[in-house]
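Please look over the sequence and the model shown here before reading on. The report that follows goes from the whole chain to a few of its parts.

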Amino acid sequence: ISDQKPLGCWSLKHGQILTCPVVCNFETHEYIAVHDDKVLRIWKNEDINLDKAFKATLSADVYRIHSLPEGGPLVLFRGGGVRTLDVLLEAPQQEIENVLSDEAIRWSEAFMEGQQPVLIFTTEKDGDFFVYVQKPKLNSLHKYKLEQQESSKPLCFTAHLTNQTVTLLCLYSNDSVYQVLVPLQQDTEEEEEEEEILSKSLLLNFSVPGTVLKGTSLVVLDKDHLAVLGSLAVPGKEPRECLSIWNTKFQTLQTSKELPLGTSGQLWCYEEKFFLIHGKVLTVIMYKCETSSLAAAVGKLKDSQNSGCVSSFVNWNTLEDEELVVSFQSQESVALKAESKMTLRPRRSTVAKVQPETLSVGQLLLNLKDASTYVLETELRQLMSKAPTPDLQATIGCVVTALTDRCKRNPKYYPQNFLLEIVETRNLSYSLCPDLMAVALEKKDMHLLQICLERFPDIPEEITYACLKAFLSISEAHLQNIDVDLDSVICYIDVEFDNKEVKTEIVENGFSAEMDQDMCDTKIPKETQSWSNGESCPVGLQKAALLNAVLHSAYTETFLLPHLKNLPAQQAILFLRYLYYLYVKCSEKVNTTLPGIRSPTINQIMDWMCLLLDAHFTVMVMLPEAKELLSNLHKFVRAQVRFYSELNKIEGSLRELQRLNHLRESQTYSIEVLEII
């Protein structure tokens, strides 16, 4: 998310509108969407064109689809009807009952009660609010009326299921959260003559001296904590949006953070992470809630390690343009920054899990900021050698950040071996140490860049392009003195002692120069035949290994193409020559697979050839030195198409031979003559 790399992107036709959030079917690993209220779409991750995905037009408007990990997707219609997806797909045009009478659905959620899916939703009509509980597999429906609150109304809802009772939390306009208990154990055969009224009880009041918190969204974190997204109004000042965590057991504000760029008013929570729109980006914030005590809630907990009770901890650094090391400063620092002026607790750390005399990672890195090189690297090695913890990866990311920061401050300092050791032995990613590759590019550390390209799964396309340009720009003579991993090339590029490739006879799948001489009018000069026929590699071993690392790097075509268009023409031609060489090498093998470790695949080679031609086709057509390459590439591809076309013609005969081999008795001697017509 930090590098804005979409893993999949699908678009609707012009005029079509998605009318409810897309969900994932956990059982089939498919996406489910509804557009234009009634049109259901289902597709898988590998599908490219959404217009060709499964389509079903339903008979009623859909309000929301809920996907349960063990119960399958549930479809809630605007009229209050509920169907499981399997039942709905059996007859998409089936009639959907309308259980609501001029009521509008305001919120819905789904749970699993044992083996049965349960769907709960709230509706509004003329200022009254109602709660519906549906069990679609049991055809059970119960309706309740929510107890009214004078001079205030519900703004948003959330719920959780505990011991066969749904706890519904309602955020009201009077800056309070009320709790409503909705029972699930009901006699489904009895008809209720009157609607049962659900009473509510006050759970939490956002009363902070001198301020008013206007909540817009809330989520339950655990039985004692909830998070509220809203605006903080201070008399005489403009309202400021903020995210806060409250302890409902002791009615205290645990922590809060202002969101100066504004939000959409929506807050999601999944696997101890907050998801919210901050400004124009999706922001993810990690948090941790553990069992709270009164001492922890009011900031009087002296030794959290002995008490076993820890309050909420939030890593706010996702929202700040600060050094990554700040996120690992002591909990006291984080608490002080998070509390702001809203806190009801004393300014004391209540959450740090380490002993008071033990330095946190962030504090240690700050203390080592001006230490000598030997002391710095010794302390960092000891830090990484500690027993694995949940934050170990982030800690190592901080270590790399500390090293790259020193490289920026001191141009003469560059611990190449230490950085290589970390990248090769630790499972890092680009987002954990975003400055590492930039520093390596500045220092022209080709080996480190090669390892990063092979190991990091989330490298931005801009950095991938910068590496490609650097690899193509560096001279072969300079590369001879650089230690580069050659495992991906050593098995298919034969080299003599003078570093000149040995010419070998190539038998290409379906390609014969004599057969295709009449297929192209362009005559190939003798001096270009060596590389144009794919018989010699246009780059040296080291450069080939570096370019292979680029081929392995993940990318999104939409983001990479604009950068590739800036690649100088001569470098683009050299890269295309190398890709053509690899393409011919792959075609030598029956299984089109190059030998070696981390060798590029035929799909990677073809994808990069297409990308490069898309980015530079006009320039290459105009350049005389590229004409021969394009001509021979065209000849080779056309010859392969003809070859595979001929194979398709005899496919039926080959299958018949295979069938006869299965029928033949192995102990019987015979001579057969098979004629292929």
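This is a predicted model: local features need pLDDT of at least 70, side-chain atom pairs count only at pLDDT 80 or more; totals for chains, interfaces and linings use all residues.

Residues are numbered from 1 along each chain as its sequence is written, and side-chain values use heavy atoms, with hydrogens and water left out.

**Overall make-up**

The protein has 19 helices and 25 strands, where helices (H or I, at least four residues) and strands (E, at least two) are DSSP runs numbered from the N terminus. Of its 677 residues, 46% are buried, a term that means under 20% relative accessible area, with exposed being over 50% and partly exposed in between (1.4 Å probe, protein chains only). Among the contacts (heavy atoms within 4.5 Å) with a separation of 6 or more, 57% are between residues 24 or more positions apart.

**A four-stranded sheet**

Four strands form an open antiparallel sheet in the order β12-β13-β14-β16, pairing being counted if DSSP finds at least two bridges between two strands. The edge strands, β12 and β16, each pair on one side only. Strands β13 and β14 are joined in the antiparallel sense over eight bridges, and the bridge partner of L171 in β14 is V177.

| Strand | Residues |
|---|---|
| β12 | residues 154-162 |
| β13 | residues 165-172 |
| β14 | residues 176-183 |
| β16 | residues 200-205 |

**Helix α17**

Helix α17 (residues 602-622) has 21 residues, which at 1.5 Å a residue should span 30 Å, and this agrees with the 28 Å between its end C-alpha atoms; the expected span is 1.5 Å times one less than the number of residues. α17 bends by about 75° at H616, the bend being the angle between axes fitted to the seven residues ending there and the seven starting there. H616 is also one of the buried residues of α17, which include W608 and L612. The buried residues of α17 pack against α11, α14, α15, α16 and α18.

**Residue T84**

T84 lies in strand β7 (residues 82-84) and is buried, with a relative accessible area of 13%. Not counting residues up to four places away in sequence, T84 touches P73, L74 and K137.
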